[in-house]
Amino acid sequence: MDLPIRHRSDSPWERGRGWPQPMAEFREVFDRMNHFLESASFTPALTGTIAFAPPADLHETDAAYVVECELPGIAREDIDVEVGEHEVTVSGELKESEREGALRRRGRPTGKFEYRALLPVDVKADEVTASLSDGVLTVTVPKAWAATPRHVEIQG
């Protein structure tokens, strides 16, 4: 039985995928690294359930950091917000809804979720506010201003 011979083309495009040769090699390295990281990670059987990260934005104003986290369908009592000196964490659980019939396709994650953001300055943890409206959690974390240098006049 003869095996097909694969000839290397002089074309910069490989395998008909539209990837130039350098990009195809990069893709192969990327795939290998991804496979390595997946195999090196802990499995759910060893660590319990793995949390997913909900979509979120973090932006900074002059006075505070504001986290806007998308949590549609999650009740207030299922969300936990914690603030430390330089970190804000939003965590909780999205419970699977009961439905009749067989589930044919799952596009939404369920289970535990967690969003963490490191903040570059100290914050006023006791003045943090959080509100949930239309499935978007908004956490406002005021900045703790350090003493700023100022000129002091010397009196007589």
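Me: Which residue stands opposite serine 131?
Reply: In this predicted model, serine 131 faces threonine 138, a residue of strand E9.

Me: And how many bridges join E8 to E9?
Reply: Five bridges connect E8 with strand E9, which covers residues 136-142, and the two run antiparallel.

Me: What is the strand order in the open sheet?
Reply: The sheet has four strands in the order E3-E4-E9-E8, and the pairing is antiparallel. Strand E3 (56-60) and strand E8 (129-133) each have a single partner strand, so they form the edges and one side of each has no neighbour in the sheet. On average, neighbouring strands of this sheet are turned by 15° against each other, direction ignored.

Me: Is aspartate 134 buried or exposed?
Reply: Aspartate 134 counts as exposed, because its relative accessibility is 79% and the cut-off for exposed is over 50%.

Me: Changing topic: which residues touch the most other members of the largest nonpolar core?
Reply: That core has 18 residues, and those touching the most other members are Leu71, Ile79, Val90, Leu137, Val139 and Val141. Two or more residues come from each of strand E4 (64-70), strand E6 (87-94), strand E7 (111-118) and E9.

Me: What does valine 141 touch?
Reply: Leaving aside residues up to four places away in sequence, valine 141 touches Ala64, Tyr65, Val83, Val88, Leu119, Val123 and Val128.

Me: Tyr65 is on that list. What sits over the ring of tyrosine 65?
Reply: The charged end of lysine 143 is placed over the ring of tyrosine 65, at 5.1 Å from the ring centre.

Me: How many aromatic pairs does the structure hold?
Reply: The structure has one aromatic pair. Phenylalanine 52 and phenylalanine 113 form this pair, with 6.0 Å centre to centre and 50° between the planes, and the arrangement is tilted.

Me: Which parts of the chain does the pair link?
Reply: The pair links distant parts of the chain, 61 residues apart. Phenylalanine 52 is in the loop between helix H2 (44-47) and E3, whereas phenylalanine 113 is in strand E7.

Me: Why does phenylalanine 113 count as buried?
Reply: Phenylalanine 113 has a relative accessibility of 2%. Buried means under 20%, so phenylalanine 113 falls in that class.

Definitions and conventions:
Residues are numbered from 1 along each chain as its sequence is written. This is a predicted model: local features need pLDDT of at least 70, side-chain atom pairs count only at pLDDT 80 or more; totals for chains, interfaces and linings use all residues. Side-chain values use heavy atoms; hydrogens and water are left out. Two strands pair if DSSP finds at least two bridges between them. Axes are lines fitted to C-alpha atoms, for helices over the stretch in contact, and angles run from 0 to 180 degrees between N-to-C directions. A nonpolar core is a set of buried Ala, Val, Leu, Ile, Met, Phe, Trp, Tyr and Cys residues joined through side-chain atoms within 4.5 Å. Buried means under 20% relative accessible area, exposed over 50%, partly exposed in between (1.4 Å probe, protein chains only). Contact means heavy atoms within 4.5 Å. Rings of Phe, Tyr and Trp (its six-membered ring) pair if their centres lie within 6.5 Å; planes under 30 degrees apart count as stacked, over 60 as edge-to-face and the rest as tilted. A charge sits over a ring if NZ of Lys or CZ of Arg is within 6 Å of the ring centre and within 35 degrees of the ring normal.
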